[in-house]
Amino acid sequence: MLTLRLRGLEQDCLEKRTVYPVVPPRVDYEPTSLGLSLRAEGGGDSTEGK
């Protein structure tokens, strides 16, 4: 579930995904400037964190 949600945010250009070629696999997600601007305007998901 989490992976699908993060991939969706990546497709919408709201999150940037960085994959590191290490073992065990490591992937980081960080908000893009668009994602940060929407978060600042209060456009986040109301169910987040529940």
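Let's start with confidence: in this predicted model, the chain scores lowest in helix α2 (residues 33-40), with a mean pLDDT of 88, and highest in strand β1, at 96. The score, pLDDT, is the predictor's confidence in each residue, on a scale from 0 to 100. Over the chain the average is 86, and 84% of the residues reach at least 70. Keep one rule in mind: where pLDDT is low, the predicted coordinates should not be read in detail. Because the model is predicted, local features need pLDDT of at least 70 and side-chain atom pairs count only at pLDDT 80 or more, while totals for chains, interfaces and linings use all residues. Residues are numbered from 1 along each chain as its sequence is written, and side-chain values use heavy atoms, with hydrogens and water left out.

Now for the layout. The chain has two helices and two strands, and from the N terminus on they run α-β-β-α. Here helices (H or I, at least four residues) and strands (E, at least two) are DSSP runs, numbered from the N terminus.

Take the strands next. Strand β1 covers residues 15-20 and strand β2 covers residues 26-31, and they pair in the antiparallel sense over six bridges; two strands count as paired if DSSP finds at least two bridges between them. Together β1 and β2 make a hairpin, with five residues between them.

Pro24 sits in the loop between β1 and β2, and a cis peptide bond joins Val23 to Pro24, with omega about 0 degrees.

A salt bridge means a side-chain nitrogen of Lys or Arg within 4 Å of a carboxyl oxygen of Asp or Glu, and a search of the whole structure finds one. How covered are the two partners? Asp28 is partly exposed, with a relative accessible area of 28%, and Arg26 is partly exposed as well, at 42%. For these words, buried means under 20% relative accessible area, exposed means over 50%, and partly exposed is in between (1.4 Å probe, protein chains only).

Let's step back to the loop between α1 (2-11) and β1, where you'll find Leu14. Is Leu14 buried or exposed? Leu14 is buried, with a relative accessible area of 18%. Setting aside neighbours within four places in sequence, Leu14 is in contact with Leu9, Glu30, Pro31, Thr32, Leu34, Gly35 and Leu38, where contact means heavy atoms within 4.5 Å. Look at Pro31 in that list: Leu14 and Pro31 are 17 residues apart in sequence, yet 5.8 Å apart in space, C-alpha to C-alpha.

Cys13 lies in that loop between α1 and β1 too. Cys13 is partly exposed, with a relative accessible area of 48%, and its phi is near 65 degrees, a positive value in a residue other than glycine.  Most residues other than glycine have a negative phi, and most peptide bonds are trans.

Finally, zoom out. Of the 50 residues of the chain, 8% count as buried.
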